[in-house]
Each structure stands twice: as C-alpha cells, then as structure tokens.
Amino acid sequence: MKEARDILHNALAKWRLIRISEILLLSLALAICTYLLFLNLWVAVGFLIFIFTIGVLFIKPWKYSLSNICSHIDMTVLPMEHSTGLLLENEANLNVLSKIQQARISEKLRQHKRKIHFKNYLYPIIGFALVCIIAAWIMNITGVLQTKSGKNKIPQSDIVNFQVLDSVPKEIIAPKITEQNISIRYPSYTNEPVRSTSNMNLKVLEGSRITWNIKFDQTLKQALLKLGADSLEMAFKNDSYSRTITADYSNFYSIKFTDSENHGYLSDLFSLETFGDEPPVIALKGLKQFSSFEFDGPQQLEFTTILDDDFGISNAAIIATVSKGTGESVKFREERLSFDTKFSPNNKSQELKKILNLRDLKMEPGDELYFYVEAMDNKQPKPNVSRTETYFSVIKDTVSDLFAVEGSLGADLMPDYFRSQRQLIIDTEKLLKEKPSIKKQEFNSRSNELGFDQKALRIKYGEFMGDETEAGSITMGVEEETGDTDPLADYTHDHDGANEHNLVDEEHEGHEDEEGDEDPLEAYVHNHENPEASTLFAQSLKSKLKQAMAEMWDAELYLRLFEPEKSLPYQYKALKLIQEIKNSARIYVHRIGFDPPPIKEDKRLTGELDEIGNFTKNEFIEQKELYPNMEEALARLEMLWITEEKITKEDRLLLDKAGNELARLAIEEPSKYLETLQAIKWLSESEYLDVARIKIAIKGLYSALPPKDILPSAQQKYNSELTNLFIEALNVE
Amino acid sequence: MWNSEINFEHVEWVPAISISGFLLLVVFLWKEWKGVHNRSFYINSFIGFISILSLGLLMLSPTMMKEVKGEAVLLTAGYAEEQLDSLYKSNGRLTTINYTPGMDLLTQLDSVNQLLVMGYGIKDYDLWQLERQQVEFIPTEISEGIVKLDFTQNAMVGEDWTVEGLYRNPREKTKLVLQGPGREDLDSVLLTERNSQNFSLKANLKVKGKFVYKLQIKDSTGIVIENESLPLVVEAKKVLKILLVNEFPSFETKYLKNFLAEQGHEVVVKTKLTVQKYKFEYFNTDKVAIYALNTDSLYEFDLIVFDDKSLNNLSRSEQSILAKSVLENGMGVFVQQTEDSFQGKNALVEFETIRDNQTTLQLTNWPKNTLEKFPVQYSDTGLLGIPIGNFAFSIKKGKGQYGSTILKNTYQLILDGNESQYREIWSRIITEISRKSEPSGFLKSSNDLAYLNEPYDFSFFTKDSSPMIVYKELYQLPLIKDVVMVDEWHGTTYPKKMGWHSLVSEKDSSIYSNFYIMDGKEWNTLVNARTLRSNKRFFSLSNSKPVIKKIPQILDRIWFFMVFLLGMTYLWLETKLRNL
C-alpha cells in the first residue's frame, strides 16, 4: 500500500522534472543562440531567466497533483481498471470491496510501474535546440548577422566624437560612423597575425602597416586622415573610407570629413604610438666572471644561456677570444662557437647549454680566454644585437712563480695576506672600533695577527736595509711561523716599500736565492765587512729606514701585547717615515728634467711673416628658435580672445604649424598636452571661434613654452631737449 | 573807462542810445535856448541832461558785480553718510551736488563760494573746474585693497616682469595671484601682515605679443574677490652690431663672441695674431675690412669691445674718432680688463677704483655661485657713473657710455654649466652700455590704466614741427604744443571700445604706442586711492584763502524811471510856474 503510494509520488516527481527540463532545455537553447548572435553573456543570461520564468508560469508544474497522476495512470495503464484513485483514499474510509480493489490495484501498480510513461517533448526539444545552436553558431562564424549588430557594435569607449567646424543649422543630421575597423599588420618577420580593433588610440610596432576602414551612415564628400602635419585622403571603396599607412614614428591623428552639404567635421585627436623591437635579453647561468683552472685538472666551463626576445631570436653564438703570451708577444685568436643544445630560430624564448672545454680551444698554461654570448633577433632589415658582458677564464701558469695578478687579468685578484703599513693602520683602527662588540679572545687574536703582519712588513724593509744579523734572525723567525723562507715573496705587492717604483734594482733577491745564507747585498756593498756601509740608500735614507723599522718594532710590541691603541702612534710614525723615503726617491727623478733656454723677449714675434696672411672667417648662425609658431600662435590667440576679430586663413595655417610643434612635445607627454593639442587642431580647422577652446589652447601653449633668459638687445631711447640740456650741463661739470 | 564792477545788460545798444540821447539833448538845449544865459537855462539844461541819462540807462539796464555767498557740498564716491548728516545739522542752507565723472561743475557752482568735497574726490580730468573755487576737501580713507601699483607695460622677451604694490589692511590669508595668458597661475603671494603689506609678483616673459595678465585677489577660502587686468606689451629682442677688438686671442672673447653670435647679433671680431696680422671673424654680417677705426666704420656699431691693451694701442686720431663717436653718436665702448691694470689710465676713460683685496664676488641674484674678480671695486661717485649690479660700471660721456667689469674669467660659468648666469651678466652689461638708437619721436602717457569713455592723455615728443598722430588707423588726433618744452606735444583721446588701441605717428609708423582700455569697474580701489592722493595734493596747493566771488546783478530800473519822471515833472512844472 505504502509502496504503491511511493510509486505515485515518484511518478509525480518525475513528471514535474520532465516538464521543468523541457522548459529549461528550451530556454537554454534560446539563450545559447542569443549569446552566439549578440556575443553578450548578460543578455544571454537574462534571456535564459526570462524564458524559463515564462515557461514555468505557463506550465505550472506545481499544480500537478497525485490525482492527476492517478487519472493519467488510469488512462495509460489498462490493467489498472480505472481504480488508481483508490490508492489515494484512506483505508479506513473504504468499504470492503473497495479495500480489496485497493489491495489489488496496489499490487498491479507495483507490477506495472514500469509502464507509467509521460508523454514528453524532450527529444524534439533537444533536436530543436541543437538545430538552433548550430544555426546560430554558423551565423556567428560566417558573420551573416554581424554587419548589423555583432562585431560592428562599436564599444562605447571607442566611439569617435566629431565636432562641427562651422556653424551649422541645428536640424542637419550629422553623419555618424556606423563601423570602424582598424587593422594592424605587424612587419612580416614578427609572424604576428593581423590584428583588428575599433579603438582609435593605437600602439603598434615600428614599421607596422595600419589600415583604417571607416563606414559612415551618409555619403560624404571627402574624408581625410590628418596625421601630424599631413592630410591623407581616404579612399572610398566597399562603402567605407580606408587608408593604409606605415607607422614609423609616434604621432597624433584625427579624422576630418566633409559631408555632402560641405560642412566640415573633425574628430578628437588620437594617438598613434609606436614602439621599437626590443633587443634580445641574454642571461647566463652558472658562470663566474672570472675562473681559473689548474693545468693538470679538468678545464671545463659549463653554463646555461637563457635567451628572450619579443618577436623571436634568429641567431645566437659564443664569441671566444684566446690570448697567448704576454707583453709585446701577445697573440689573439677569435672563434665563434655554437651551443651544444640545438638552436631553433624564431623562437621567442630559448634555453641553451654549453660545455666549454678549454683544451678543445688549444689553450696552454698562461693562456687566457675571454668570451661573451651574442644574440640577434629577427628584426628586419637590421636585426637588434645584444651581448653579455665578457667572462674571463685562465689556465694557471705553472712556470712563472710570480702570482699573475694585476695587469694580466684585467682585475686585481691579489690576496690580502700581506698588509701594507697603511692597511695595518686601517685594520688597527677598525679593530679598535669594533672592540666593544667582539669577544676579548677574538680581539686578542686579531691584535696578534696584526702584530704578525707588522713583523712581516718590517722583515721586508729589513731586506732593503741589508742588515745582516737582523735579516737572518727574521728569516728564522718567519720559518718558525710558516715553514717558508720567504712567505711573502709571492704575495707582495709592495706599495709601501721604498722600492715601489723599481728605482733600486731588486736583483739582490736573486743573489740571496742562489747563494743561500750569504749576505744578499754582497754584490753592491763596497765594504763587505760592514753592512752599515751598504750603498743601497743614501745615508739619510738609511737612517730614516732604520728609524721606521724601530717604530715598527714598537708597533708590533704593543700589538702583541693586545694594546693596539698604544701601537697606533708608532704605526703612524712608521708610515710617515716610509712616505718620506718614497718622496725622497721621487725628487731624484724630478731632477732629470728639461730646462728650456730663456726666451729673449726682444726677439719674440720678429720672424718673417711675409707668407702669413690675415685669417678671415664669415659665418651666419641660424637662430635656434625652438617653437616659433607656437609663440606666434599664442600671441595671435590672445588677440582673438580679447578682440572681436575673425579667424583668418593665415591664422588657421599658423595654428596648424603650432599644433605640429606641440605634437612633438605631446608625443612625449600626452597627458599634459593632448587637450591643448586637440583644441589647437580644432581651431586650426574650424570656421568659427570657440572661447573655451581658445582659453585651453592659450593656457596649454603658454605652459608648454620654456622660460626664456634675458638676452642683450638693442634699445631705443628718445632724448628730449631737456635731457640733452641736462647731459650737456653734466659734461661741462 | 568803465568801472569793471558796472556793466550793461544791453551793451550792444550803447552807441545807438548815446547818439539818440545826445541828439535829444541838442534838440532840448536848442529849444531851451532863449538867447539869455540865465540861471533857469542852466538848471533846466542840467535837469534835462539827467532825465535823458536816466531814460538811456532805463533802456540799457546797467548791471553791477555783487559778491555771492552760497555753500554747497559735492558728494563723490565713498563719502560718509554720517559726516554729511552732521554737516546738514550745522548748516541747513547747504546745497548738495552729486558728482558724476565728466560733469559740468562750473555752472552748478556759480552761486557757491564755499564748496565742500566729500569722498575720494573728483577725477583728475575734472579738477580744473575747481581751480578758482575755495574748496574744503573732506577725504574718505581707503579701508582695504590695493592702493599702490607699479608695473611696466612694455617689456622685452626673457625679462622677469615684476608687479609691485601695496595692499592696505589685508584680511587674514588673502592671496594675490598673478595669472598669465590663458589664466595660467604664474606667481602668488599670501598676505600676512595686518596693516599694510608691500607685495611683489614676478613672471618670466616667454613670448612676444600683446597680452592681458590678471591679478586676482582671493580670500582665505579661495574665492576670487577681484580680478583685475594688467595689460602688457612684450617685444622681441633686437639685433645689435658689435665689434670686438683684441690684442691677443682669449677665452673670454671667444665665449662672449659665441654667445652674442648665437643670439643672432651681428658680431665682428678682430684679433691680433702677430705683428700686423689679424684674425677677422664675421658672424651674421657681411665682410667689411676693419683695419683702422674711422668715422664711417664706427658709425654702424652699437658697441665696441676693446681689451685694455688694444684700447691703449689706438693711434691718437683713432682715439679722437672713437671719443667723438661715443660723445655724439651715443656709441658704447666696453673695456675688457686683461690684467689688473685698473689703476692705469687710458686716454679715453678712467674708471675710479679702490683696492679691496677680494678675489671673489657673489651676485645678488645668484648668491650660491662665487665668481672670480680682480681685487678692486668701483668707487666712482660722480653723477655720470652708473653701476651695473655690483660687478660692472659704466660712465656716461655725451650720448654714449663707457663700461667695464671687475669680473674675470666669466667663461668659467659656461664651463661649469651656469649658462643662465653668464647670460644675465653679459646681457645686463651689453644692454646697458650699447648705443640706444634714437627714434624720431616718442609717445608717452601718464595713464597706466586707461578706461572706457574717459580721456586718455598722451604726450608726443618729437623734433618735427608739425607732428601728426593717428588713432587706431582711423583718424588724426589734434595736438597742442607744450608751453615750455620745444619738442613736447599733448593730445587726448576718448576711447569708446574696450581692448587694445594704438597711437601711431603718421610720419613714422615705427613710432607707436599700444594701450589697453578696460572696463570702468576694474582697479576700483586703486583708482580711488589715486584720485584721493591727487585731490589731496590739488586742494592743499590751491588757494585756501576765502575767494570773494561776484556775479553781475541788474540794478533796479525803477530808480531811473523815477529820476526821469521827477525831471520831466520839474521841467513841466517849471514852465507852468514861470508863466504864472
């Protein structure tokens, strides 16, 4: 019994669902058609809701009741014996016969529940919907309907406003644009599709071809494309006015037309902005600016190059230069290398890999490699080329024991093992400054390090002094510390040394090497027994150097005692002495100068001048007036504003020229000058005057003109009789 | 003959009446004559004469001057109502005259010997009507607004044009805004002082032409209270012809020459290269050989720049030609100091200097930049010396000028990128010293603000004996020659339209003057303040003693009639009595 009722309820629900689906399908189909025809989502949604509401209200599915279902079943399912209605009756209210029939019918209904069918139009509706949608879709792509609505519906923002140039009786209906279409064809190398827009403000690539197609609702006498100073006539074909130009530079344009009754109209000013093709952007990954390799180790440089361009890259390569030898015997070899990854031209973005093996480049120890990556885009006729900065690579030379630092690599990679006296002072001061913020242990350690450096410096100067006992002892001291005879030899870039400029031959070092512990200055010393008598330096210098070393001793002492502040004065003294020694060396150079013989003043300019003539030069310098027409136009507009004069043909010509001058400025700062330019263009075309526009033009022109400096000028002055008398009286006095 | 106090109403009848009276007397005497010189004949003759005289006078109606005693008050704009009320209280017989500019005051003041003027006063062009009147001026002071204004109406492109003035009793946060063409704000000043504040507004003049700038007065909320016009004629710079003579090439001259040539001036440079060999450079002008200075070659130049050495190396005749050219033609000579030789004399000019041992100088307009200078400063205190800023000096000789500067190496300014300062220094020096060409005439007006339907007075200076001035290319204006000055002529016009107007000399159209006519409402406060000042001056100068004012009055004719009647009666009675 209950089951039978459930069946009836389900049937009711199914029926309602079918009906609603029908309405929904139908309205959906119509909405899709609407969308395809009008290309407007909101209209389509609105339409959908509208149709659906109407349909639902018409069919009223909520009014279907169980009794309707019962009668439907009675009608369609024969075995039900027109008794389905009994199922709805309350059992208690029925007589026995009815109860029996109810039970039977309930049983039958269960058996025949699959036979309950509702007549529906779902399939026809689906078919109809499909047909409609397909038809609309076809119309959409073929554009059958579009001439009237579709794409030609010019967006509100793109509607072109025209201003009448002469006073026209009100009743004349001004021609209107019914269709505007601008197609932009980028240069062929870009492989960009043709774009079309209805927006009159354009931004295009340099060299693009732009075609305006403008259709009016009336026939016109003439339509002009006013581009900068040029007026280009638009050709009339296929019911529309069109003109094609190649955009080479930014400009402004407007459209002017004359209707059949000879009334002129001018549009607002639109910008035609051009942008250039950007050069490719190259990024190198995984590469240091400088790299050096041991001769016996692997000599491979691995890096990735990422190339990007706005319209495609046509070519990329690695340009490598190998330099061999040094000094005058240096030789260069240039090679153009390709990437390991295959380069595919005309791609906008690419990632290329390269493993550069220096051995393949036949590089030997001491040789240097300079290379950079170069990429070209596909711009025509002249491609944009960009390149990375140069990267350096060197194979260390094992033969030369000189550390190949400055000079050879173009960058000073000298390690900071060795500190000059000046550097020592700077470091000591830095240490003192940092004292509060660092641990005592670290402070002491750094002070000790400075002490060591101070010692090393002293040893270096000691060598120059040729102090036998001292030099020996220091060398031993150094040995204790570093286990090397001369730990600094490799790292010395001796700025503080008295021998910085190689004034004194340093060959004695070689002697030292050869002869082991013997006096390094033996060859230069006259008195072999007495190192004090070494002739490396003049006596005064020698004593100064000694003094400097004594100061260094003291400086080192305090550094070792962790009292850098006490050490500083000694360091300064040492630095001062070293400077003096250097300067005294310089003075020596200065003395080898050229002393010109004195000039005999009485003989001067008394040579033969027969063949020398006068020199004459004649030049006409053009006046560099920046904006002559703008200035003139400003003065003229001011007069037109104040007086009741009429605008003349000459005025309009002048305004046109002024507008072209202003356009140059406006291209750079459109927001500032566009309104002015528009007003001037209008005035230059119009037959009558508009005070508001004149005001805008004057104000804009005035602010656009640069301020002027006062310049010398001829003046007039009328001297009255009285003035003359006065001047005469003054002169007599 | 006649006492000036007595006159006749019918003066034109005097001869006719005298003759007929005389004839009547002759007839009378002939009738009376009885051949006897008796007493009655004499008496009758006398009586007859008296009667005829009376009859004659009766017909001629004699008048006699009589002193008038009337008081009136002339009410001009801005008079105080309360003051007028108290005047009425003290003197009920006061007649009131309301002043309108340009009205005929003379007739109205006929019967008035005591006049009170109240308010801001009467217009300058009406003052003459009160010249012979005893006037007591009761001024009303201006309470608020611009009471003084100073600006030039003719300026050059590039100049910093200034508008200066005095604002009386500004309200809090009143703002003055100077607006340029197209009502572009150029400069503004906020008035902060309570009583009176001087203000100065500046604008760079970018463009030549005729413009009307505006001065707006805004209150603290930014609402425009007044919007007044400032007419301005901006003229373009004119080309100078300049000769530079140097004993040796120098950077100073090189940069100066480039600067001048780039500005379009005609520049000739003569630089000595070696003995008798020169380098001639001509910019913007044709080649003209200049070896020695002579009157013809000098005549063309507006300015000659010599370095001190080349000036001293001039021959005696060249020096005298140069001196004459300066004195009579108004040419300018600029002496470039090549070294510190200010103490040294030269034949033409001497600049008095004193040592100050300062080697740098700052210009007032450019306090940030320090310029190199010679360690001297100018000390000339004579009447003919004119300092140019604090860096140069000029001495007037006749019509021309000599100039020099204590600055040295000014080209350094260009190298440092301070071209503006370089331009200003040299523009001031060159403009000041170079020849001022003398036009054949000169138009001048004392009215800096001209109004619709008000007289516009102007003066025309010319040596021409019959000058003519054309107004707006329309008609000629009559001119009156000045009483004292030989070359000054005066004229007046009454503009009927607002806007720009022009006056042009008919004989030389290069002599012209542009003026702007504005609406009578503009600059109201200023005009009132000016009227007040001129009225105060006028009435304080005019006669303060009471003027005895007399007007002729006809003597009562009944008296003559009575005398005549009595005479007739006597003569009639006398015969009757004698015959008795």
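## A strand pair across two chains

Select Lys617(A) first, and then look in strand S17 of chain B for Glu281(B), which is its bridge partner there. Bear in mind throughout that what you have on the screen is a predicted model. Now widen the selection to strand S21 of chain A, residues 615-619, which runs parallel to S17(B) and is joined to it by five bridges.

From here, select the whole side of chain B that touches chain A: 64 residues of chain B are in contact with 44 residues of chain A. Among the elements that give two or more residues to this side of chain B are strand S13 (209-218), helix H4 (251-262), strand S17 (277-283) and helix H9 (419-433). If you colour these residues of chain B by kind, you will find 26 nonpolar, 18 polar and 20 charged.

Next, select Leu634(A) and, leaving aside its neighbours within four places in sequence, look for its contacts with Ile698(A), Leu701(A) and Tyr702(A), and also with Pro181(B), Val207(B) and Gly209(B). Leu634(A) belongs to the largest nonpolar core, which has 89 residues, and is one of those that touch the most other members, as are Met630(A) and Leu662(A). Helix H15 of chain A, residues 691-704, gives the largest share of this core, seven residues. A second, separate core has 46 residues, including Phe334(B) and Ile430(B).

For the last stop, select strands S21 (residues 360-363) and S22 (residues 366-372) of chain B, which pair in the antiparallel sense over four bridges. Two residues make the hairpin that joins S21(B) to S22(B), and Leu361(B) has Leu371(B) in S22(B) as its bridge partner.

Conventions. Residues are numbered from 1 along each chain as its sequence is written. Chains are lettered from A and ligands numbered from 1 in the order in which they are written. This is a predicted model: local features need pLDDT of at least 70, side-chain atom pairs count only at pLDDT 80 or more; totals for chains, interfaces and linings use all residues. A nonpolar core is a set of buried Ala, Val, Leu, Ile, Met, Phe, Trp, Tyr and Cys residues joined through C-beta atoms within 7 Å. A residue is buried if 20 or more other C-beta atoms lie within 10 Å of its own, exposed if 12 or fewer, and partly exposed in between; C-beta atoms are placed from the backbone. Two residues are in contact if their C-beta atoms, placed from the backbone, lie within 7 Å. Ala, Val, Leu, Ile, Met, Phe, Trp, Tyr, Cys and Pro count as nonpolar, Asp, Glu, Lys and Arg as charged, and the others, Gly among them, as polar. Two strands pair if DSSP finds at least two bridges between them.
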